[in-house]
Amino acid sequence: MAAETGTPTTLTLKSNDDELFSVAESAAILSVTIRNMVEDGCAGGVIPLDNVDGKTLASVITYMNGISAIPADEEKKKSYRDKFLSDKDFETLADMVLAANYLNMSCLMDAVSAKIAQVMEKKSVGWVRRKFGIENDYTPEEEAAVKEEHKWTFEGVETDDDN
Amino acid sequence: MGNSLRHYPNDGSPSDPWQITPEKTDRRDESIVQTPIADTEEGNSEIYYDSGSSTNIASLPDEMVFEILLHLSAEHIYSEARFVCQKWYDTTNTRNFIHEHLRRSTPGLVIKCGNDPMKQPITVSMRRGRIEISKFSYELKGFYWYGCDGLFLHRDSSGSVLYITNPATNRHFALPESVSSTSPYSCSFLAYASTSMAYKLVQTYNCPDKIPISRRLVHTQHLSTAARQLLKYIPLTIEGFIHWTKKPQGTDRVVTLNVETEVITETRLPVDYGSERLMYYLSTGASLTLLVECSEFSWGFWNLKSETGEWAQLPDIDLESRKGKLVNFVSENRRRCSCPVNLRPVGWLNHGEVLVLHGSRFSGVCVLYNVRTQAIDFFMLDYECITHMFDSHRSSLVSLD
């Protein structure tokens with residue numbers, strides 16, 4: 001990532017809890033929000049990012065630096081994204097969805113959404129509610145009706161004991 | 001390896017048998033974050049996230065929940081996710097969501113048994129870089145006839161009633177008798193017109209005086225006689241276009257119906273290949289491709305832009321140099337028959353990135369060839385079947401209620 005020509009431009013980003021981060025402009029403009037600020041010439045001083053906390057911003061900057069260091073190789077970028085997200089917990093992922101949306105980083109948004117969905121896909125309704133902090137707003141009657149409705153899902157499914 | 005069955009675990013079981021590459025995701029210590037950033041969870045690996053504190057999935061704005069749910073399979077949304085809470089039920093039940101979900105779904109293949117039409121079809125798809133083989137979790141009434149963007153058109157065993165089924169939601173309905181009545185002169189197909197977000201049923205008639213007056217007609221007089229001949233065959237439906245081709249020996253043209261505008265056109269092939277060469281018309285899910293046999297293990301490769309009727313030539317698919325390896329693999333893995341290994345292109349996975357080739361007749365060996373990375377992989381179809389038929393498929397939440 002060393003700059004070949006002169007000094008690389010760095011930007012200073014400020015999180016909503018007043019942490020300051022220094023990041024190469026070439027990496028930061030992965031965020032369309034930041035890129036627009038740069039293009040409009042309002043990225044000279046400190047760029048306040050009012051919707052992102054320091055912890056999340058640190059993580060997003062790690063991602064920005066990591067992904068922008070990879071040349072145009074979609075396969076490598078994909079495996080970087082997978083690796084980057086592999087150790088993130090749900091709170092972090094949720095924070096990152098919000099940050100990616102605010103910063104307008106569609107590739108990160110997509111990767112994080114896919115990651116959350118991937119983890120969810122193998123889990124029960126109860127697990128998802130518990131883990132995601134979602135309140136069950138079905139009444140017991142509705143819940144029973146729902147169970148009845150989707151009973152067929154388990155009918156006719158062949159056993160796979162022999163596998 | 002057995003033929004994996006798709007099932008819907010609700011117990012968070014760590015090993016899902018339908019995954020060929022198992023992946024650990026059921027660990028509860030996901031809160032250990034190996035980054036220099038301070039972890040507010042104090043590294044306690046057994047803590048569940050308190051729904052009251054900081055951000056969680058439940059507190060995300062609607063459009064982000066929408067975005068996350070789009071990444072789930074139709075089957076999972078229908079049988080699990082929509083029951084998490086009413087907001088999720090409502091979100092996934094909108095026309096907009098269903099449309100967007102279908103648009104983003106990764107097309108795969110449905111494979112049916114050619115010699116036993118009553119046998120349940122299976123699906124093969126590639127999700128997140130892995131091959132998933134699944135069986136539909138319910139009995140399809142009668143036999144599978146034609147599939148399009150998540151819906152199946154099929155007849156009951158007597159052949160008299162035509163059904164439309166969504167295999168992902170196990171919902172089906174019988175078409176009215178006036179539509180489904182069999183006539184030796186008519187065939188029925190389905191296509192999804194994405195701009196108007198509507199499925200359309202298309203029927204071809206060989207005999208003009210048999211056309212019921214209730215139908216909206218697409219006239220074909222402007223087509224050449226050779227083109228009209230093609231309408232007798234089973235077409236391929238791709239992204240709002242129905243393409244009539246003739247398989248496997250080619251003709252010099254393709255007839256395409258734009259289901260949105262209901263305009264039918266014919267397109268000449270880019271090169272006259274004569275009638276000797278084997279031609280394979282395959283759907284990538286987004287466009288029609290043509291593979292023309294050059295030698296036993298290589299094919300010329302073309303892609304049709306449906307909107308403009310233009311053919312674009314792509315680099316040949318040449319597996320001649322890897323012939324030895326392929327022949328060995330297919331020979332070793334097939335269960336019966338010692339007839340020659342004869343790779344036949346049968347479909348695409350992952351948006352036209354991975355070509356599926358069937359090992360030979362009477363064998364369940366399928367070869368996967370990634371045209372970008374040139375990597376080769378294999379999977380087995382293990383149900384007892386003499387011939388297999390391959391068709392493009394994607395799963396959809398479209399409601400038939």
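User: In this predicted model, which residues does Leu108(A) touch, leaving out those up to four places away in sequence?

Analyst: Keep in mind that the model is predicted. Leu108(A) also belongs to the largest nonpolar core, which has 88 residues, and is listed among the members that touch the most others. Skipping residues up to four places away in sequence, its partners are Val60(A), Tyr63(A), Phe84(A), Met96(A) and Ala100(A).

User: Is Tyr63(A) buried or exposed?

Analyst: Buried means under 20% relative accessible area. Tyr63(A) has a relative accessible area of 0%, so this residue is buried.

User: How are the rings of Tyr63(A) and Tyr80(A) arranged: stacked, edge-to-face or tilted?

Analyst: Let's start with the cut-offs: planes under 30 degrees apart count as stacked and over 60 as edge-to-face, with the rest tilted. The two ring centres are 6.2 Å apart and the planes sit at 35°, so the pair of Tyr63(A) and Tyr80(A) is tilted.

User: Which residue has its charged end over the ring of Phe84(A)?

Analyst: Phe84(A) itself is buried, at 8% relative accessible area. The charged end over its ring, 4.3 Å from the centre, belongs to Lys88(A).

Note on methods: Residues are numbered from 1 along each chain as its sequence is written. Chains are lettered from A and ligands numbered from 1 in the order in which they are written. This is a predicted model: local features need pLDDT of at least 70, side-chain atom pairs count only at pLDDT 80 or more; totals for chains, interfaces and linings use all residues. Side-chain values use heavy atoms; hydrogens and water are left out. A nonpolar core is a set of buried Ala, Val, Leu, Ile, Met, Phe, Trp, Tyr and Cys residues joined through side-chain atoms within 4.5 Å. Buried means under 20% relative accessible area, exposed over 50%, partly exposed in between (1.4 Å probe, protein chains only). Contact means heavy atoms within 4.5 Å. Rings of Phe, Tyr and Trp (its six-membered ring) pair if their centres lie within 6.5 Å; planes under 30 degrees apart count as stacked, over 60 as edge-to-face and the rest as tilted. A charge sits over a ring if NZ of Lys or CZ of Arg is within 6 Å of the ring centre and within 35 degrees of the ring normal.
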